[in-house]
Amino acid sequence: MTALELGKKIRNGELTVRQVVEQTYEKIAMLDKELQSFLSLREKEEVLLEADEIQEKINSKQLIHSLAGVPIAIKDNICTKGITTTCASKMLEHFIPMYDATVIDNIKKAGMIIIGKTNMDEFAMGSTTKHSAFQITKNPNNTEFCVGGSSGGSAAAVASQMVPLSLGSDTGGSIRQPSAFCGIVGMKASYGLVSRNGLIAYASSMDQIGPMATNVSDCAALLEVIASYDSHDSTSVKVTDTQYTKSLINDVKGMKIGLLQYKQDNPLDESIQCAINQAKENLKNLGATVTTVTIPFTAKQVLSVYYVLACAEASSNLERYDGVVYGFRSDKDSSLSEMYKKTRTQGFGSEVKRRIMLGSFVLSASQYEHYYKKALRIREYICSEVSRLWNDYDVLLLPTTSVSGVPIKEKMVHTTKEYEMDCYTVLANLTKLPAISIPYGNDENGLPIGIQLMGNYLQEHTLFQVAYTLEKNMEKEKRSGI
């Protein structure tokens with residue numbers, strides 16, 4: 001049952017919110033011991049009381065939202081008042097926020113039920129969810145494979161149908177990449193459309209909270225809930241039309257689609273290349289014009305710019321974790337400087353330390369001009385080159401990932417191998433543009449494949465229309481046995 005179908009049954013009286021909550025906890029108890037999606041769950045009795053209150057409001061027509069009473073899981077780097085928010089790090093293992101993030105306020109106003117907080121790569125730094133300080137989340141499609149990252153717990157919770165919806169955060173593909181690995185829909189909205197107030201920062205100029213769902217319609221409905229202007233976020237933008245479900249139109253006739261290629265692409269798995277080719281042909285058959293467009297920089301150049309800037313911002317954002325104000329603090333220290341050193345050594349995992357050190361290096365006086373300032377100039381060039389494409393195209397089509405899955409036991413020979421998994425997703429973050437990943441078939445091992453659509457700034461409506469059309473076409477082909 002989709003989230004919208006579930007909400008409709010609740011409003012029609014076919015299901016009660018209490019029944020839905022009971023069934024959700026039963027399914028989590030049955031599946032999550034193996035999958036390890038959740039880092040924490042709210043007390044069931046507390047949630048059932050909340051469910052009864054929401055049911056009363058639904059019955060009295062005080063709550064009429066299409067997602068009222070629907071359960072949702074929240075990535076554990078989004079602040080939730082009174083609920084532990086750890087960022088999957090020992091540094092914040094016992095941190096309980098005193099306020100709700102703006103997106104959480106919006107979810108509560110809609111009458112949705114927060115079930116728990118999901119696992120992630122520590123401080124959202126990683127592409128596998130193996131960098132969590134507490135557990136490794138497994139892919140529901142094949143538990144020997146990685147779930148992707150960093151929003152891996154949120155993706156697995158939806159893909160396994162423990163919850164119909166979840167929230168993730170996306171700094172370089174952390175919603176779209178695990179969505180592709182798990183066979184669900186995940187979206188990074190335009191930068192500023194969704195408030196970052198209450199999101200624990202990784203790289204502030206690229207971080208964005210976004211929806212994860214089993215289908216495009218549910219994804220659009222959840223984005224309607226969380227998209228709002230927020231005076232507490234200086235990067236928030238005012239948008240007059242956030243009725244994204246109105247854009248769920250099965251029609252791409254006359255649209256111009258650009259099949260995006262880098263000057264030198266990373267090699268794709270054959271199954272992913274086949275999915276891209278199939279999507280291209282389907283769009284043509286549905287009345288769109290699809291042409292190949294090559295941008296004048298390589299995937300590795302884009303990745304290099306992203307990691308220089310992201311790590312620099314991470315180094316600045318994470319310097320606050322020194323053991324003085326909040327979070328983990330080492331004991332038995334002989335001096336303040338030793339306490340700083342031991343706190344960070346013991347509190348941060350290896351991947352977080354690696355990125356902090358890289359960020360500190362590129363921000364150092366001797367390297368600032370050579371790395372950080374140069375990366376900023378190249379980012380500006382990338383943005384200007386991509387912005388030109390919107391004169392000729394409505395939407396860009398590209399892979400979400402270059403591979404369809406990574407075995408959990410596989411050790412990356414070089415750390416950069418994991419970084420390269422983000423080569424097709426970081427472009428949207430650098431340019432602050434919206435992008436959505438939708439499932440598009442399976443590889444020879446039965447693992448899901450995701451394809452990605454990118455749109456112009458604040459053109460989520462167009463993205464949803466193209467994604468919805470492709471989704472409906474895939475469903476039609478399945479029914480026809482093609």
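**Salt bridges in a predicted model**

Lys 108 is partly exposed, with a relative accessible area of 43%. Partly exposed lies between buried (under 20% relative accessible area) and exposed (over 50%), using a 1.4 Å probe and protein chains only. This is a predicted model, where local features need pLDDT of at least 70, side-chain atom pairs count only at pLDDT 80 or more, and totals for chains, interfaces and linings use all residues. Residues are numbered from 1 along each chain as its sequence is written, and side-chain values use heavy atoms, leaving out hydrogens and water.

**The count**
- Side chains of opposite charge can pair when their charged atoms come close.
- A salt bridge here is a side-chain nitrogen of Lys or Arg within 4 Å of a carboxyl oxygen of Asp or Glu.
- That rule gives 16 salt bridges.

**Asp 100 and Lys 108**
- Lys 108 pairs with Asp 100 in a salt bridge, their closest N and O atoms 2.7 Å apart.
- Asp 100 is buried, at 13% relative accessibility.

**Glu 338 and Lys 342**
- A salt bridge joins the side chains of Glu 338 and Lys 342, at 3.0 Å from N to O.
- Both sit in helix 10 (residues 336-347), four residues apart, so about one helical turn separates them.
- Helices are DSSP runs of H or I with at least four residues, numbered from the N terminus.
- Glu 338 is partly exposed at 24%, and Lys 342 is partly exposed at 28%.

- Within it, the side chains of Arg 42 and Glu 50 meet at 2.7 Å, N to O.
- Arg 42 is buried at 11%, whereas Glu 50 is partly exposed at 22%.

How values were computed
Helix = DSSP H or I, 4+ residues; strand = E, 2+ residues; numbered from the N terminus.
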